[in-house]
Amino acid sequence: MPRVTLVEGINLALGRALAEDPDVIVLGEDVGVNGGVFRATVGLQERFGAQRVQDTPLAEGLIAGMSVGMAAQGLKPVAEIQFMGFLYPALDQIANHMARMRNRTRGRLTCPVVIRMPHGGGVHAPEHHSESLEVLLCHHAGLRVVCPTSPARAYGLLLAAIRDPDPVIFLEPARIYRLVKQEVADDGAALPLDVCFTLREGDDVTIVTWGAMSADVMQAAAQLERDGIGAEVIDLTTISPIDSDTILASVAKTGRLVIVHEAARNCGVGAEIAALVAEQAFYDLVAPIQRVAGFDTIMPLYRLENEYIPSIARIIDSVKHVMKAEFSV
């Protein structure tokens, strides 16, 4: 069984999907000859040809529009947007057509498209290359938004996304593309969508996170354990729709909730999770909910990006704060 990185797990899944289903088409800027900017598609054009792995012009609106047209005609396009900050030109096609195809045709047509894109900062990139814009996508009914955080989950969830009859936005945390290696069997087995993954069990506080922040949260949880605080770490994984059952069950056990995400705090997905818990599990809480997030500014250039991305110290401080706090009666 090969040991692969997260980006290599994505490559394995794409190769498996292309081999198993002739309707699967990979397309995007530089995905063919160059194998993608992060090499997620390296070697696929050589294996499957230029018709199955297509290089496109530098035009995100065209990539998304072509994908809608392909899907409406029975193909299963897997499109790459090179960086999440390039999403805006494609958002017209994604929001107005891709997300609405099933509803618009009353189920006569579905739109089995996967849009892949790197997510988040930490890779020393220029402007528009380090954004965390998941909230723009989660607000659109008809879209599923997924973000894997390990090689095995990247492999299994990408296969599930490609096989899904409706559009899936597949966010790939660039900062941890090559952080760790894991044994991944290239057996074609998909993982379930729409569920959280509990990365670590604990009884004192629930930490919900997603994307590259999962690695930092796990390090913070290990340090908190040495201080006698047992943190339960939940990887949201499918950002929309949210698996509320897993989160609510954990909060019922711990009574405390900290939400950690790289995106800006204002109107972020973390606010939705906080509202969910406040509405459905308020009486399980023994302390106010805390959020640790990026700042409400444009993602800075790389000299300051580590000041923007929530640090392990910020996470630990927030957890210790919520451990000391409690509601007054």
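**View 1. Helix α8 and the residues it buries.** In this predicted model, helix α8 buries Met213, Ser214, Ala215, Asp216, Val217, Ala220, Ala221 and Leu224. The helix spans residues 213-226 and has 14 residues. From its first C-alpha to its last it reaches 20 Å, close to the 20 Å expected at 1.5 Å a residue. What lies over the buried residues? Just after α8 comes Gly228, with a positive phi of about 85 degrees.

View 2. β10 is mostly covered, with five of its five residues buried. Its side chains point two ways. Val205, Ile207 and Thr209 take one side; Thr206 and Val208 take the other. Residues on both sides are buried. Which strand pairs with β10 in the parallel sense? The partner is β11, and the pairing runs over five bridges. Within this pairing, Thr206 has Glu232 of β11 as its bridge partner.

**View 3. The open sheet of seven strands.** The strand order is β3-β2-β4-β5-β7-β6-β12, and the pairing is mixed. Why is one side of β3 and of β12 left without a neighbour in the sheet? β3 (53-55) and β12 (238-240) stand at the edges and have a single partner strand each, so one side of each lacks a neighbour. On average, neighbouring strands are turned by 25 degrees against each other, direction ignored.

View 4. Strand β6 (residues 144-146) is joined to β12 by two bridges. The two strands run antiparallel. Val145 stands opposite Ser240 of β12. Ser240 also takes part in a cis peptide bond, which joins it to Pro241. Omega there is about 0 degrees. Pro241 itself is found in the loop between β12 and α9 (244-254).

**View 5. Helix α7 across the sheet strands.** Helix α7 covers residues 151-163. Which strands does it lie across? They are β2 (24-28), β4 (76-80), β5 (114-119), β6 and β7 (168-173). Against β7 the helix runs at about 160 degrees. Arg153 has its charged end over the ring of Phe197. That end is 5.5 Å from the ring centre.

**View 6. A cluster of aromatic rings.** Ring pairs link Phe38, Phe83, Phe86 and Tyr177 into a cluster. The model has five aromatic pairs. A pair of rings is described by the distance of the centres and the angle of the planes. For Phe38 and Phe83 these are 5.6 Å and 65 degrees, an edge-to-face pair. Phe38 lies in the loop between β2 and α2 (44-48), while Phe83 lies in the loop between β4 and α4 (88-98), so the pair ties together parts that are 45 residues apart in sequence. Phe86 is buried, as is Phe83.

**View 7. Two loop residues with positive phi.** Arg39 sits in the loop between β2 and α2. Its phi is near 65 degrees, a positive value in a residue other than glycine. Arg39 is partly exposed, with a relative accessible area of 42%. Asp194 is found in the loop between β8 (182-183) and β9. Here phi is positive at about 70 degrees, although Asp194 is not a glycine. Asp194 counts as partly exposed, at 26% relative accessibility.

**View 8. Val113, a buried loop residue.** Val113 lies in the loop between α5 (101-104) and β5. Its relative accessibility is 0%, so Val113 counts as buried. What does Val113 touch, leaving out residues up to four places away in sequence? The contacts are Ser67, Val68, Ala71, Pro77, Met98, Asp166, Pro167 and Val168. Val113 and Lys76 are 37 residues apart in sequence. In space, their C-alpha atoms are 5.9 Å apart.

Methods:
Residues are numbered from 1 along each chain as its sequence is written. This is a predicted model: local features need pLDDT of at least 70, side-chain atom pairs count only at pLDDT 80 or more; totals for chains, interfaces and linings use all residues. Side-chain values use heavy atoms; hydrogens and water are left out. Two strands pair if DSSP finds at least two bridges between them. Helices (H or I, at least four residues) and strands (E, at least two) are DSSP runs, numbered from the N terminus. Axes are lines fitted to C-alpha atoms, for helices over the stretch in contact, and angles run from 0 to 180 degrees between N-to-C directions. Contact means heavy atoms within 4.5 Å. The expected span of a helix is 1.5 Å times one less than its number of residues. Buried means under 20% relative accessible area, exposed over 50%, partly exposed in between (1.4 Å probe, protein chains only). Rings of Phe, Tyr and Trp (its six-membered ring) pair if their centres lie within 6.5 Å; planes under 30 degrees apart count as stacked, over 60 as edge-to-face and the rest as tilted. A charge sits over a ring if NZ of Lys or CZ of Arg is within 6 Å of the ring centre and within 35 degrees of the ring normal.
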